[in-house]
Amino acid sequence: MADVMAQAETIGDNAYRRIRSDIIFGRIAPSQKLRLDRLRETYGASVSTLREILNRLTSEGLVVAEGQRGFEAAPVSVHNLREIAALRLLLEGFALEQSFAAGDVEWEGRVVSAHHKLAALEQRMRDGDMSQTELWKRYDWEFHQALISACGSKVLTDTHAAVFDKYLRYQMIALSFRGDIAAREHQVMLNAALARDAATAKQTLERHVSGGVEHALATGTIK
């Protein structure tokens, strides 16, 4: 019995991660109906498990429950994007201050390593290789998480991660890459981290996020 329960939990956890990732990375489109029979075929989980997963994703704001009509992926809007961006700035700016004040050599190593991977992929994208956009956004996520990883609050980092994922969803829907501008901003943030210059990092982050929002909206893919 214990083995059966563990297997069910593994299937459920795997299905949750896959569905969540597919929503964030745009493989499940905004407002797309999430029909349980199709999800069962795609993700290999039972209907009852899928209901639990969709209710969990509803509480995270990535899915909308439609009462008797079932579930759909959360819609997107210009207003919602601006709200998410503002919340990201609020959380990340505070976390940067705390992290820069407390960060040690181990933290510096995490930041440098995360930036190295991101910068290498950004260079390939600037050279015209757009085949790894999902990996690029994962590296982007890792870099920003590394910057705040010494803030000392799991609640803060977890909350920021949830907001960042919603922001990331918009970036993937718009497939917004700002080339040299974003790469330079990441470099400035790296330098600021190593110099413990939180003021410069926060100012750069504000330009980085606001620029990302306007660039995404300019694509016309978000209404």
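User: Which residue forms a salt bridge with Glu60, and how far apart are the closest N and O atoms?

Analyst: Start with the general idea. Side chains of opposite charge can pair when their charged atoms come close. In this predicted model, the partner of Glu60 is Arg20, with the closest N and O atoms 2.8 Å apart. Glu60 sits in the loop between helix H3 (47–59) and strand S2 (63–65), and Arg20 sits in helix H1, so the pair ties together parts 40 residues apart in sequence.

User: What else does Arg20 meet in a salt bridge?

Analyst: Asp165. The N to O distance is 2.8 Å. Arg20 is in helix H1 and Asp165 in helix H7 (residues 154–174), so this pair ties together parts 145 residues apart in sequence. Asp165 counts as buried, at 10% relative accessibility.

User: Which residues are linked in a network of salt bridges?

Analyst: Arg20, Arg56, Glu60 and Asp165 are linked in that way.

User: How many salt bridges does a search of the whole structure find?

Analyst: The search finds 15. One of the salt bridges joins Asp180 and Arg126, with the closest N and O atoms 2.6 Å apart. This pair links distant parts of the chain: Asp180 is in helix H8 and Arg126 in helix H5 (residues 105–126), 54 residues apart.

User: What is the relative accessibility of Asp180 and of Arg126?

Analyst: Asp180 has a relative accessible area of 43% and is partly exposed. Arg126 stands at 30% and also counts as partly exposed.

User: Where does Ser31 lie?

Analyst: Ser31 is in the loop between helix H1 (2–24) and strand S1 (33–34). Ser31 is partly exposed, with a relative accessible area of 34%.

User: What is the phi of Arg196, and where does this residue lie?

Analyst: Arg196 has a positive phi of about 55°, although it is not a glycine. Arg196 lies in the loop between helix H8 (180–194) and helix H9 (198–218). At 30% relative accessibility, Arg196 counts as partly exposed.

Note on methods: Residues are numbered from 1 along each chain as its sequence is written. This is a predicted model: local features need pLDDT of at least 70, side-chain atom pairs count only at pLDDT 80 or more; totals for chains, interfaces and linings use all residues. Side-chain values use heavy atoms; hydrogens and water are left out. Helices (H or I, at least four residues) and strands (E, at least two) are DSSP runs, numbered from the N terminus. Buried means under 20% relative accessible area, exposed over 50%, partly exposed in between (1.4 Å probe, protein chains only). A salt bridge is a side-chain nitrogen of Lys or Arg within 4 Å of a carboxyl oxygen of Asp or Glu.
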